[in-house]
Amino acid sequence: MAQGVLWILLGLLLWSDPGTGLRDGSPDVTTADIGANTPDATKGCPDVQASLPDAKAKSPPTMVDSLLAVTLAGNLGLTFLRGSQTQSHPDLGTEGCWDQLSAPRTFTLLDPKASLLTMAFLNGALDGVILGDYLSRTPEPRPSLSHLLSQYYGAGVARDPGFRSNFRRQNGAALTSASILAQQVWGTLVLLQRLEPVHLQLQCMSQEQLAQVAANATKEFTEAFLGCPAIHPRCRWGAAPYRGRPKLLQLPLGFLYVHHTYVPAPPCTDFTRCAANMRSMQRYHQDTQGWGDIGYSFVVGSDGYVYEGRGWHWVGAHTLGHNSRGFGVAIVGNYTAALPTEAALRTVRDTLPSCAVRAGLLRPDYALLGHRQLVRTDCPGDALFDLLRTWPHFTATVKPRPARSVSKRSRREPPPRTLPATDLQ
Ligand SMILES: *[C@@H]1O[C@H](CO)[C@@H](O)[C@H](O)[C@H]1NC(C)=O
Ligand SMILES: *[C@@H]1O[C@H](CO)[C@@H](O)[C@H](O)[C@H]1NC(C)=O
């Protein structure tokens, strides 16, 4: 978090001093230059520095270019450079949690071996770009920084609920293009190579190699961060521990089952409400239903976030008889007569499944179904189900699985033909 704030401030600093050397110093590199300056890797270190691209000033860098260069490009480039040299794939966006929800003091990363590109860093860097760009376009008198930050991290800038940190990925994606980011990352690596001999790993790298690193880093950032939903991990919403022993899923799965929560009926539009909803559903599933955990794999709020339930790796309790074959994703609300927000729909229809496919968790030919297609229930509500039928991957007919390993209890259940032992919740 503190790290994130630093990057926001850097972004704002740059905005407040347009004459800063960082802006003038960053080489104006384009993809055309990358081709034109084909380096000779066999020449060795000294010549690498001699063949820098000139600052040819074809089109002057925009504010967003400079903001990307100062907040994001350096760490993104250096982390992927290290990855390319150690043949490892840098992990992007490692999450973490505070020790307690009220009066937090210690922040612990979920993976202590995480790269520099933690979620806190990426969020802070992106916020710096978004807010810096906003300020550069806002006429005088500009809002005070503290006012702007409290709106951005609160109900929304200028009362626009879409312009708050919750939607930073969508807003950031609208602001940046992959080719511009790749140029900035490449330019920053070239600049660091020239200016800071301390970066030993930059020595003996040709510009072409650096361009390749920049392209890889940009692709990963764009596809695995900007294009994926923000998921609050369990520790963030105050999940109680699993009761009993969870069962591992065998990935990738072939199904995505869509639910509405029905209760709670109102969509949740901020973190406080969504997190409280998660805790109350978990209590109901554990205490009343006697399940090990909240049943859903993921729950989608109307606040721009997805909340981790059982997650990608553990068998859920959402679609009786089919829990080990698919992920169960619920949108908080009652969608009998009304529809979820477009942002929540987009998450379930597009970003969550496409990112799961990219990560090898969901099969590319996955089938999307409404809960009611497999279990006698109204879920996910008439309105939402009617819409689901128009979505890509929606599958109208479900082939029953070959009747094997039918347990006693499963035969009493109406629609599903077969029940693996893990699916009885
Ligand atoms: C870039 O990514 C490709 C494909 O994942 C990989 O083969 C290559 O080694 C990477 N290059 C660098 C410089 O990281
Ligand atoms: C859900 O919405 C339907 C249609 O508006 C309504 O009849 C029903 O009472 C609602 N259920 C809950 C739990 O709010």
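## Two crossing helices

The axes of helices are lines fitted to C-alpha atoms over the stretch in contact, and the angle between two of them runs from 0 to 180 degrees, taken between N-to-C directions. In this predicted model, the axes of helix α5 (residues 63–86) and helix α10 come within 9 Å and cross at roughly 110°. Angles of 65 to 115 degrees count as roughly perpendicular, so α5 is roughly perpendicular to α10. The crossing of α5 past α10 is right-handed.

Which residues of α5 and α10 make the contact? On the α5 side they are Leu76, Gly77, Phe80, Leu81 and Ser84. On the α10 side they are Val213, Ala214, Asn216, Ala217 and Phe221. Sorted by class, the contact of α5 with α10 holds seven nonpolar residues, three polar ones and no charged ones.

## Around ligand 1

Ligand 1 is surrounded by Ser84, Gln209, Gln212, Val213 and Asn216. Helix α10 (residues 207–226) supplies the largest share of this shell, four residues. By class, the shell around ligand 1 has one nonpolar residue, four polar residues and no charged residue.

Another part of the model is a sheet. Six strands form this open sheet, in the order β3-β6-β5-β7-β4-β8, with mixed pairing. Its edge strands are β3 (230–232) and β8 (362–370), each of which pairs on one side only. On average, neighbouring strands of the sheet are turned by 30° against each other, with direction ignored.

How many bridges join strand β5 to strand β7? There are three, between residues 298–300 of β5 and residues 326–331 of β7, and the two strands run parallel. Phe298 has Val329 of β7 as its bridge partner.

Helix α13 (residues 342–358) packs on the sheet. The strands touched by α13 are β4 (253–260), β5, β6 (305–308), β7 and β8. The direction of α13 makes about 150° with that of β8.

## Around ligand 2

What residues are around ligand 2? They are Tyr262, Val263, Ala265, Asn334, Thr336 and Ala337. The shell around ligand 2 divides into four nonpolar and two polar residues, with no charged residues. The shell around ligand 1 likewise has no charged residues.

Terms used. Residues numbered from 1 in each chain as written. Chains lettered and ligands numbered in written order. Predicted model: local features only at pLDDT ≥ 70, side-chain atom pairs only at ≥ 80, totals over all residues. Pairing = 2+ DSSP bridges. Contact = placed C-beta atoms within 7 Å. Near = placed C-beta within 6 Å. Nonpolar A, V, L, I, M, F, W, Y, C, P; charged D, E, K, R; others polar. Parallel < 35°, antiparallel > 145°, perpendicular 65-115°, else oblique. Left-handed = near helix turned anticlockwise from the far one by under 90°.
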